[in-house]
Structure formats: structure tokens, C-alpha cells
Amino acid sequence: MEEELKCPVCGSLFREPIILPCSHNVCLPCARTIAVQTPDGEQHLPQPLLHSRGSGLPAGAGAAPPLDHDAAAGPACSGASGSAAGGLGGGAGGGGDHADKLSLYSETDSGYGSYTPSLKSPNGVRVLPMVPAPPGSSAAAARGAACSSLSSSSSSSITCPQCHRSASLDHRGLRGFQRNRLLEAIVQRYQQGRGAVHAASAAAAVAICQLCDRTPPEPAATLCEQCDVLYCAACQLKCHPSRGPFAKHRLVQPPPPPAPAEAASASPGAAQGAPSGGGGCKSPGGAGAAGGSWARKFPTCPEHEMESYSMYCVSCRTPVCYLCLEEGRHGKHEVKPLGAMWKQHKAQLSQALNGVSDKAKEAKEFLVQLKNILQQIQIPGHAGIPPGPLLQLEKCCTHNNSVTLAWRMPPFTHSPVDGYILELDDGDGGQFREVYVGKETLCTIDGLHFNSTYNARVKAFNSSGVGPYSKTVVLQTSDVAWFTFDPNSGHRDIILSNDNQTATCSSYDDRVVLGTAAFSKGVHYWELHVDRYDNHPDPAFGVARASVVKDMMLGKDDKAWAMYVDNNRSWFMHCNSHTNRTEGGVCKGATVGVLLDLNKHTLTFFINGQQQGPTAFSHVDGVFMPALSLNRNVQVTLHTGLEVPTNLGRPKLSGN
């Protein structure tokens, strides 16, 4: 419940909350800090567009609206939580993560930009620069100076820190917004209840063992400063012996329970809420220890007693309270929510610790290598077999159905290397096989199965023998094929353009061109768009072996499976056998789809998204390449990398 009772600007429990036109709540002192001056020529969102709920503010204030002065000396919001807050009776609540996201918004994200020099508040809204208080003046005087500087502008507005909607202030200023009396009463009742609970728990606190399985637990005899755990004498001997990894831990006497006066003085600070960034330290055993926890005092500002830290000055690298900001000491500094900065520093520390862990792992491997070198040196006249190579994962990659692997020898390797042996499995968890033997440390293997997972490893050898394997690397080939027409395998009359994706021909006779991909496994789909279609030619689409005859129509020999089509009908053809005549042809702008399913061993054709005839060929097995035959009256463009469509139309009935 506490998170819903916190102001989204200062992160503390609401003080004198007011209801904005967008139905969200903010503290009245915080509203002064986020109110901004708007030049005369700047367009602003009229207040009625914000769906005001009974605020009674007129749209388009003309005169310069002053801030309210009846609450200028009101208490400043304290606390340090960076969580977003919602109001009761006027606002919707949000969680702490939401406020952290809002704290990263830029000026343009906030929905409003001011022409006056100003700071940014925790949640992305503009913060009015504080007027430094003259020597000897009070904080209330400084707030009055800020109000007067705001009134000198032509108009003023306020931006909601949660939804980032802006509203203009009328002549009443912030006094025109309704006070949320219900929310204010709930906060007061909540503070009183928390103060009573903290006082009672602190007065009744007794140091007990946190690991006892007895009922009731034994009194604590020692406290481990490193483990932050209370032990009785028996549990300390059993769970925390003074040997092994615990030998360097420091055991001290448990802290005495707080006096009743201290517990009573600590309760008001506890009612303000702990900083979300962990500014308050947990007592040994946490809050879950049965009767064994003491509330430690939350850190407060040394300049302003009873004020908890709520913000963090990035320029000074120190936490500050609300009054520090109000007095203008950090007026030109970058200020961020304390909770957000705690999370940022925690992430940086975690990253640094991970780096230290990686360095420690590398150091351990280096020590193992030094040990191996020492063993080699102790055997005179024996070079020794080479160690296992190290795979360079940053250089290992896949493209279509090809994989590239790179490796190197470990540093300080004194054993000579005559060559390397690269092994790859079958992509289905089968046995490894040698795919490369040589001196190179970079190798690309082509012609693998699409959508398959391969395991690869490498080892080095010399005259003394073959060394151990490297670690195994797992590589995944592409699930869809990206390819073009192959200029090297096509007939010499074929003309390619558009990065080898568009094909035509210089001859009136049919000529064949193949694709750059080869398929032996999986399901593959590609399309060919008819860019030009003159004089009713018969282009043929399909698949073929690499040794297909390329100076006649596709499908006339036994190396190709195709569908040839004119402007009225189509036929399937293999070994010069014409079957399944189907009505419906192609023209300029038509799209022909080819579906090769090597799991079911079938080949199917589509025209403009509708299956053309029945399944063209069954029992298709082996290695196939996309193929096309055409003459000079046709030009097509290839489209690849397509997912297998699921919404293709039902097949047309064949004529015979």
C-alpha cells in the first residue's frame, strides 16, 4: 500500500496532495517545482482537452497565473523512493519499475518543452530553476522568489509527471487545483499506524538466534559481520565453525536492543518510507526474523535534520534532500531519483563483478597452460603434442546452409603445429566426420542442410601425435533460403541483372539457369514474378540436378522436374512427359510459387497464390537446385527467403 501513497515527483509520502486535471496527484510543494513558464507565442494544450474531473479550471488563461501563496510555507516532501504513485479519489497508481522507466524519458518524450533554462525532474518533466536564497533568508523566502519569477512570465503551466499531459494555470495558480483531502487523511492514518508498529517492535526486540530449530529460539551469542547472521553458541559451532572459509569472518557481540526513547524517535522517520534504492540498511536476519530485528536509522541530510535523501546530484556525486533542491544549491546540476541511481550503480557493480569473474576464469586457464608448459620443459628432447585449439566464437557464423569456423592456438604454446583436423556431425546428432585437414585456421563448409543444428570441433597435430579436441561449438543453419540466380551455371544466352535476381534471355530458344542454393532436407518455398510476357511464350519453373541440360526447355530430360505454362493453361513435365493439363496461365504481373517439401518428398506449384493442379511430383528425393527456363519474350524476378505460406488457395482441377 505504501507505494500507492507516494508522490511521483519526490518519491515520498504525499504532503498536501492536489488533483491535476488528468486525475493524477502530486504534492503541493512538488507542483511548484514542476510548474514552468510558457512564452506568449507558444501554443499549449487547452485544459478542457485533459478531461478535467471537477477541477473548475478555465481553458486558456490570459494573464500570468501566479503560484499559490497560501501553502508556500507548507512542509516539503521527504523520503527517497523513486516509485511512481497513484492517488485515491483522483489518480491511478503505478509501480516502481514504471517510475524508473519514466525517469529515463527525454525532453521530447515529456510532451512539453520550455524556453526557460531549467532542470529535469525525476520523471521527465521540466523543473523550475530555484532562485538562490540571499544570505540570511529562509527557504520560504526562496520559494517566494521562485513564485515571483514565474509570475513575471506571460503564462504558466504544469506537466503531469505520470501521463506527461500539460495544463495551463489560470489566475489562481496552483490554488485552482482541488486538494485531495481523502488521500491526505489516509496518508496521515498510515503514518500513525506505522509509527506505532515500529515503536512496539523496537521496544520488544530481543537478540535471538536466527538458525535455531528450538522453540523458542535461543538468545543470540554472536553476530557474524560478513554473513550478517545471529548465532547462539550451539548453532555457531555447528553452522559457522572458525575454520575453512569461515576462518576470516569476524564474530562480534550482538548489538543491544534499542532503548524505548530511541525506538520512539525512530518511528517518525520510519513512517516516511525507506528509500527504494536501499538507502536504509537491513538489520541482521531481515524483517522476517521472529522478534530478532532492529530498525536502523535511515540516512538523513546533514544540512537538514529529519529530511531523508530523495534525489541524487550527478554533478556533485552525492545524495540530496528536497530542501537542498528547494534552496537552489544544485540549481544548475543534473539531478536524478535516488532509487534510479541506486539501480544504475547496482547494475554497473554487477557488470564489474562479472568481468572480474571472467578474468578469474581466464587466469585459471592460464595457470593450467603454464602447468602444461612446465611439464613439456621437464621432458628434454620431446616437443610434446599440441594442446587443444581455442575456437574464436566471434568469428564463427552461419549463412544459409554454410557454416564458417575460426580457431587459434592458446597463448604460450611451445609445441609445434603441423596442421588441424576439423570435424562436423551430420546435423542430426550423429557421428562426427572429418570435413577439413590443413594448416588454415579459418574454414567454411558449404552444402549443409537448412534448418539444422551442427556440432563442430577441431584438434591440432604434429609429429608427436594428435592433440585433444577443442570445445564443441553449436551452429544453426538458416531456416529459410536466401539465394539468387547463378551466373556461372546458367546458359551463356541467359542475361542476369538486379544483383542476379532478374533473368531474361537473348535467344528465341529456351535456356536454363539454376539458383545458387541446393536443397536436400526441409521445406522450401520461393516465388518468381513475371515482369515481361510477350508473344505467348512457355516459361518453365521447377527444380533440377546440377547436371541438367541447359539448352532446351526445363523438364525434357531426366534431371529436371518442372511446370511449363502459357497464357491459358499449364502442364507438368519430366523426362519429356507432359501430364496434368490445368486451365489458367500467366501474364505480365503474375506470380509463380514453387513449394519443395523434402520431408514429404513432394513438389507443388502455385499461380497467384492458388495451387495449380494437384501435387506435381511425388517421391522426390536427393539434392535439388531451383531452376528456370525461358526465352527472350519473358523476364522474371526471383523472391527468396520466404516463409512457407499457410493460406494458399485450394488446387484447380486438371483437365486430364
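A salt bridge is a side-chain nitrogen of Lys or Arg within 4 Å of a carboxyl oxygen of Asp or Glu. In this predicted model, E16, R179, R181 and E184 are linked in a network of such bridges. Side chains of opposite charge can pair when their charged atoms come close. Across the whole structure, 15 salt bridges are found.

| Pair | N to O distance |
|---|---|
| K336 and E334 | 3.6 Å |
| R511 and D509 | 3.8 Å |
| D566 and R569 | 3.9 Å |

The surroundings of these residues can be described by relative accessible area. R511 has a relative accessible area of 12% and is buried, whereas D509, at 44%, is partly exposed. D566 counts as buried because its relative accessibility is 11% and the cut-off for buried is under 20%.

The backbone has some local features to note. The peptide bond from T215 to P216 is cis, with omega near 0°. P216 sits in the loop that runs between α4 (181-203) and β8 (222-224).

Positive phi values occur at N451 and H536, neither of which is a glycine. For N451, phi is near 50°, and the residue belongs to the loop between β19 (442-445) and β20 (453-462). For H536, phi is about 55°; this residue is placed in the loop between β26 (523-533) and β27 (540-544). H536 is exposed, with a relative accessible area of 53%.

How values were computed
Residues numbered from 1 in each chain as written. Predicted model: local features only at pLDDT ≥ 70, side-chain atom pairs only at ≥ 80, totals over all residues. Heavy atoms only, no water. Helix = DSSP H or I, 4+ residues; strand = E, 2+ residues; numbered from the N terminus. Buried < 20%, exposed > 50% of the residue type's maximum accessible area, 1.4 Å probe, protein only.
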